[in-house]
Amino acid sequence: MDRRAFIAQGSALLVAGGAAGAASAQAVFQEGRHYVRLPQSVAVSVPAGKIEVVEFFWYGCPHCNAFEPTLEAWVKKLPADVVFRRVHVGFRPSFEPQQRLALTLETMGLMDSLQRKVFHRIHVEGERLDRPEAIIAWAVANGVDEAKFKEIFNSFGMANRVRQSSKLAEAYKIEGVPALGVHGRFYTSPALAGGDNAPEAVGHGRALQLVDQLILRARKGT
C-alpha cells in the first residue's frame, strides 16, 4: 500500500475474517508477487550463522493487532538459529512515542510479556497511548519499574535508536504494516502472501509459511 494511503486510511491493508488454517500446506509463492527480494541487501544485527527475522509493526494498526496472536505462537517454535525481533515503524513524527515504548520494552526484556497488553490497551480498551505521560502511566500500571522505564524512554541514546528503527524500515522499503523482513534480503506481509481478496487470517498463515521458506533460503544462501 502507498504510504500516503496508509496514513490516510489507518493502515487498511487486509480484508478481515477467515481462518489461518486455510493457508495451503502446499502453497507456491512467487517472487515479485508474494514476496520481494531486496535489490540491495540490508545489514543484519545477528552473529554469523544466525538468521534474522524482523516484524515491522505499528501499535495503532488494527491489522498488526490481529496478526499478533498468530505471530506470537509462530515465534515460540522458531529454530535456535533464527533471531526474531520487532521494529515499530515511524511513518510520521507522531509515531515516535510508541517507537520509544517498543524500544524501551525491548531494552528491559519485557516486549514478549507486554506486547499483547499494549495492543489490548489500544484496540480493546480504546486508549491511544500516543503521549509519553500516558505510556508511562500504562507501564507503571502493568508493574514496570517507573524510574527505570523513564530512564530508558527519555535517554540520550533513544533518539538515535528511533532513527535507526526508521532507517531499517526504509532500507527494507516498508510502506505498510504488518510486514516481515528476512535476513536483510527479503520482505513479505500478510497482504502480499495472502493474495488478492484473501481473508485476513489466511494472509497471516501464508505469510508465516512463506517466511519459513525464506529462512531456509537464507540459511542456504540462495
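**Exercise 1. Find which residue of β3 is the bridge partner of F57, and describe how the strands around β2 are paired.**

Solution. In β3, F57 has H88 as its bridge partner. The model is a predicted one, in which local features need pLDDT of at least 70 and side-chain atom pairs count only at pLDDT 80 or more, while totals for chains, interfaces and linings use all residues. Residues are numbered from 1 along each chain as its sequence is written, and side-chain values use heavy atoms, with hydrogens and water left out.

Strands β2 and β3 (residues 82-88) run parallel and are joined by 7 bridges, where two strands pair if DSSP finds at least two bridges between them. Between β2 and β3 the chain passes through helix α2 (residues 62-75), and this β-α-β crossover is right-handed, that is, with the strands pointing away from the viewer, the path from the first strand over the helix to the second runs clockwise.

Strand β4 (residues 179-182) runs antiparallel to β2, with 4 bridges joining them, and in β4 the partner of V54 is G181.

**Exercise 2. Work out the order of the strands in the open sheet.**

Solution. The 5 strands follow the order β1-β5-β4-β2-β3, and their pairing is mixed. Because β1 (36-37) and β3 stand at the edges with a single partner strand each, one side of each is left without a neighbour in the sheet. Further along, 3 bridges join β4 to β5 (residues 186-188), and these two strands run antiparallel; here L180 stands opposite T188.

**Exercise 3. Decide whether the residues of β2 are buried or exposed.**

Solution. Buried means under 20% relative accessible area, exposed means over 50%, and partly exposed lies in between (1.4 Å probe, protein chains only). In β2, 7 of the 7 residues are buried, so the strand is largely enclosed by the rest of the structure. I51, V53, E55 and F57 point one way from β2, whereas E52, V54 and F56 point the other way.

**Exercise 4. Count the aromatic pairs in the whole structure and classify the pair F91 and F95.**

Solution. Rings of Phe, Tyr and Trp (its six-membered ring) pair if their centres lie within 6.5 Å, and planes under 30 degrees apart count as stacked, over 60 as edge-to-face and the rest as tilted. The search finds 9 aromatic pairs. For F91 and F95 the ring centres are 6.4 Å apart and the planes stand at 40°, so this pair is tilted. Both F91 and F95 are buried.
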